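My notes follow in the order I looked things up.

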Amino acid sequence: MPDSSQVIPACADCFGDDIDAQSFRLMSMIGAGVGLLDHPERLDDVLRKLGARHHQYGVREAHYPIVGEVLLETLDEVLGHDFTADAKAAWAGFYGVVAASMTAGAVDGVPHVDAARTDHG
Ligand code: HEM
């Protein structure tokens, strides 16, 4: 299982060099994703735009599964026995949906793509 010491080198140019701040941000990100569940009608659009911004931060598709594994590992460490197989499957599914929308947005939402688009596509 990767941990945050592997996530950060994987995306070394994305984050600054303050490990505590990075770890805090990682968990804030997950909280932001969960918070979006309160707005299902906006979820896909918000996630695609979030994915486009991540592309600008230097985040690439290959980074998503690494962060997803760290998330599951962290929940397992914190929740212990309460992190049941069902809960783990639900979190993995949730993360997969979020990551899929974000990576789609990284393609669709490349900066200025809307402005550059014409009627001819
Ligand atoms: C479930 C997946 C993820 C969610 C919900 C998420 C969410 C967020 C949010 C809400 C921000 C704040 C800035 C903004 O809104 O644009 C952010 C920033 C950032 N995220 Fe993520 N993120 C996710 C995955 C990742 C992954 C896979 C990486 C790569 C390691 C990553 C790297 C970053 C970086 C580098 C920043 C900018 C930090 C800074 O301000 O310096 N994120 N993320």
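I started with contacts: two residues are in contact if their C-beta atoms, placed from the backbone, lie within 7 Å. I number residues from 1 along each chain, as its sequence is written. This is a predicted model, so local features need pLDDT of at least 70, side-chain atom pairs count only at pLDDT 80 or more, and totals for chains, interfaces and linings use all residues.

**Entry: Y95**

I looked up Y95 before anything else. Which residues does Y95 touch, not counting residues up to four places away in sequence? I found G68 and L71. Y95 sits in helix α5. I took helices (H or I, at least four residues) and strands (E, at least two) as DSSP runs, numbered from the N terminus. I also checked Y95 against L72, 23 residues apart along the chain, and their C-alpha atoms are separated by 9.5 Å.

Is Y95 buried or partly exposed? I call a residue buried if 20 or more other C-beta atoms lie within 10 Å of its own, exposed if 12 or fewer, and partly exposed in between; the C-beta atoms are placed from the backbone. Y95 is partly exposed because it has 19 other C-beta atoms within 10 Å.

**Entry: V70 and helix α4**

V70 is in helix α4. V70 counts as buried because 21 other C-beta atoms lie within 10 Å.

I then checked the length of α4. The expected span of a helix is 1.5 Å times one less than its number of residues. Helix α4 covers residues 63-79, which is 17 residues. From first C-alpha to last, α4 reaches 24 Å, close to the 24 Å expected. After α4 comes G80, with a positive phi near 55 degrees.

**Entry: helix α3**

α3 has 18 residues and reaches 25 Å from its first C-alpha to its last, close to the 26 Å expected. G58 follows α3, and the phi of G58 is positive, near 100 degrees. Which residues of α3 are buried? I noted L47, L50, G51 and H54.

**Entry: the core**

A nonpolar core is a set of buried Ala, Val, Leu, Ile, Met, Phe, Trp, Tyr and Cys residues joined through C-beta atoms within 7 Å. The largest one here has 5 residues: L47, L50, V98, M102 and A106. α3 (40-57) and α5 (85-108) each supply at least two residues of this core. The largest share, 3 residues, comes from α5. L50 touches M102 and G105, leaving out residues up to four places away in sequence. In soluble globular proteins, nonpolar side chains tend to be buried together.

**Entry: the whole chain**

I counted 6 helices and 0 strands. Of the 121 residues, 14% count as buried. Among contacts between residues at least 6 apart in sequence, 81% join residues at least 24 apart.

**Entry: confidence**

pLDDT is the predictor's confidence in each residue, from 0 to 100. The chain averages 78, and 70% of the residues score at least 70. Which element has the lowest mean pLDDT? I found helix α6 (residues 113-116), at 42, while α5 has the highest, at 91. Over residues 112-121, pLDDT stays under 50, and the model has 1 contact there beyond four places in sequence.
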